[in-house]
Amino acid sequence: MRVVLVCCLILLMAPAFSQQNPAQSGRAAAGRFTLNGYVKDSLSGESIMGASIIVNGQTRGVASNQYGFYSITLEAGDYQISASHISYFSKPVQVELHSDQSYNFDLRPKTALNNDVVVYSKRRDANVKNAQMGKIELSMNQVRSIPAFMGEVDLLKALQLLPGIQSAGEGNAGFYVRGGGPDQNLILLDDAVVYNTGHLFGFFSVFNSDAIKNVSLIKGGMPAQYGGRLSSVVDVTMKDGNINKFETEGGIGLIASRFSIQGPLKKNKASFILSGRRTYIDALASPFIKKTSSFYGSGYYFYDLNAKMNYRFSEKDRLFISGYFGRDVFDFNNAKRSFKTNIPWGNSTATVRWNHVFNRRLFSNTTLLYNDYKFSFNAKQDNFEIGLSSGIRDGSIKTDFDYYPLPDHKLKFGGLFTYHRFIPNVVTGRQDSVVFKPNNEGTKYGAEAAFYIQDDWEISEKIKLNYGLRWSHFTQIGPYTKFNRDANGNKLDSTVYIGFQRVKGYGGLEPRATIRYAINDETSIKAAVTRNLQFIHLVSNAGTTLPTDLWVPSTYIVKPQISWLYSAGLFRNFKDNTWETSLELYYKDMRNQIEYKEGYTPSLADPESEFVFGKGWSYGSELLLNKVRGRFTGWIGYTLSWTWRKFAQLNGGERYPAKYDRRHDISVVGNYEQSKKWKFGVVFVYGTGNAITLPERFYVINGVLTQEYSKINQYRMKAYHRMDLSATYTPVPKKKHKLSSYWVFSIYNAYSRLNPYFIYFDQSGSPVNGDLKVEARQVSLFPVLPAVTWNFKF
């Protein structure tokens, strides 16, 4: 019923699209002309996303899209058109608009302000003026100003410091958004989905800061162009490469080093960037492990490789080709037991994009995508070998159009198709010449399609509306064998589906709407409602995503997850937009949530036979106080929230707090620029302890210690808090050199707080002797950790 109601409201708005002010509608269409072009960085030639194109100094205008393209249609006349962006000097031009024209804005970067932290807006008043709710944009300069874990700049950890976004655990790059699980975040790298975002079991993210241009996160009011997840979108954009000159940059830290090179392939036509990162824990430890040691040859490392090139065929056509390849490799040898194991896992993505300008008002982007996530486990002892592998592989095509029909409207519409291949845990083995191939669960296949349309409509100076509709559909397809089972799970008979034959399908409409009402130039109120469908799922026993976790599709057993999100907020700026404040309230209703049955133990069987299904809901408030200008910048974020789950087959059918339920979450971030040489940063975080299930009683039955557990997540660990510090030293030479560098000194967990990672129970004594003693013990990971990194550029 809610879907029908919201869809009807959106359809009722559509006729108003064509209703213009009577004075305007009486003018001939021939009296309007279009100015279009691109907004670019004058030094590197990189496109600038989100630049504001303003007419005659008014607040109304348009913003450049992801590729820097803009278009604005006005009545014939003389205008002052200016392009502005928070990181660039604005540029005004006089335009005599008596015919259709093109103009490219080349903006000069404010290099002196590169280290200022600007959290929300690309335009200083965007948090007040835009209809979009819950959108956060960060440049890598902003991310680098935040103290980093082990000196490794991490954009996902930077996002965790904002209200409504919670860390998955100590030092972990995983995150939860407004009560959603880790699989409910859509993470994109140049439009390609990244299924596993962590290195070193989640302690570092897969994103190399030197290769990234911009990251935006949407946690509320998700536009119709995005879909497939319930909670949030993290859209990461790689650098295009400097089209004017060659540049090299990198860094050397305690555990990893980075190196990047970019430059023109053909000046003003084509450019490239190549960026790599690798840890050297294995190389540093190797000299200290003797060849006679049982563990000689053991080690761990990870590496990333980002590559991108673009070619501008004309002002109307441009081609982008980008890719990412990353791997974690863990080797363990025990010579005494003749045991060897090799565990590699990682992501591969490839993106081909073609930009085409059909006319001055219509811009298109067509994308071909490939992404692949693999996990492997290989072990050998004497003459026995065993291997296990799993993963997910996608191939996609999508097309998006930006259409600027009138000054007050910006339409976006498009569609996509994705072919999924889900590989379960596949086991093989060998004993001498005998090969074992057990009856593994079969690979599953799915086809996903979606179409959407959305309009960003500035109704008046006070009212702005972003509304849209998305239709999405998922089909489980063959080849597949469906087994009918008895009450004990034994197979009775089967139905065989051939390739691309439909097994089961799901679909539906996803209406989205966000409205902004401006009380004055500094204050606005916003409200949003969105419906989201999610067709692929990650069910985990752990508190964060691990490389062993399996992605599973919606099937004839597993239904798609569904959510409704309602949110409203007050946004207020002070002192000429130096201070930004916001207060947002939200309520999220989630259906078809998935958990494992009570008593589940991992096996090679199809995991969907071990699933139970229920509902969830979350609600809360988020407060942000953010200083974006001046020598001292930073923010204070506070989240008060509740997250619940209810499953008929779990916890006696009673509701229980989700494992990522966190009542209070506080982040304080500060950056101070003392001089051109020295900059200082501080981070303080506090969070309510994680919800856990613990044994409440212990019994000795037939000499065996037995535990009786509490209700699910009835207890809490100790509160989590820590402080991080950083100091950045940039030498200022008397003479200008080609090589520039700076040092970053950081301290993680400055006062060495022993935060709980997990709790286990240790027993001593014997029940036979009557001196059995059971004690709870806390495991903590990281004490105070200093780090130093040298960064260079030439």
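This is a predicted model: local features need pLDDT of at least 70, side-chain atom pairs count only at pLDDT 80 or more; totals for chains, interfaces and linings use all residues.

Modeller: Leucine 585 is found in strand S37, which covers residues 579-596. With a relative accessible area of 48%, leucine 585 is partly exposed, because that value lies between the limits of 20% for buried and 50% for exposed residues. Leucine 585 belongs to a nonpolar patch on the surface, together with Tyr517, Ile519, Ile525, Leu570, Leu583 and Leu623. The accessible area of these residues together is about 590 Å². Two elements give two or more residues to the nonpolar patch, namely strand S37 and strand S32, the latter spanning 502-520.

For context, the protein chain as a whole contains 51 strands and six helices. Of its 794 residues, 53% count as buried. Its accessible surface comes to about 34,800 Å², and carbon and sulfur atoms hold 59% of that surface. Among contacts in the protein chain with a separation of 6 or more, 65% are between residues 24 or more positions apart.

A part of the chain with a described strand order is an open sheet of five strands, arranged as S9-S16-S17-S12-S13 with mixed pairing. Strand S9 (135-139) and strand S13 (192-193) stand at the edges; each has a single partner strand, so one side of each lacks a neighbour in the sheet. Within this sheet, strand S12 (residues 185-189) and strand S17 (residues 232-238) run parallel and are joined by five bridges.

Histidine 98 lies in the loop between strand S6 (88-97) and strand S7 (101-102). Like leucine 585, which has a relative accessible area of 48%, histidine 98 is partly exposed, its own value being 49%. When neighbours within four places in sequence are left aside, histidine 98 is in contact with Phe33, Ala76, Gly77 and Asp78. For alanine 76, which is 22 residues apart from histidine 98 along the chain, the separation of the C-alpha atoms is 5.1 Å. With aspartate 78, histidine 98 makes a polar contact of 3.3 Å between the side chains.

Key:
Residues are numbered from 1 along each chain as its sequence is written. Side-chain values use heavy atoms; hydrogens and water are left out. Patches are made of residues with over 30% relative accessible area and no salt bridge: like charges are joined within 9 Å, nonpolar side chains (Val, Leu, Ile, Met, Phe, Trp, Tyr) within 5 Å. Accessible areas come from the Shrake-Rupley method with a 1.4 Å probe; for residues, only the protein chains shown count as cover. A salt bridge is a side-chain nitrogen of Lys or Arg within 4 Å of a carboxyl oxygen of Asp or Glu. Helices (H or I, at least four residues) and strands (E, at least two) are DSSP runs, numbered from the N terminus. Buried means under 20% relative accessible area, exposed over 50%, partly exposed in between (1.4 Å probe, protein chains only). Two strands pair if DSSP finds at least two bridges between them. Contact means heavy atoms within 4.5 Å. A polar contact is a pair of N or O atoms within 3.5 Å; within protein, one must be able to donate a hydrogen and the other to accept it, and residues adjacent in sequence count only if both atoms are side-chain atoms.
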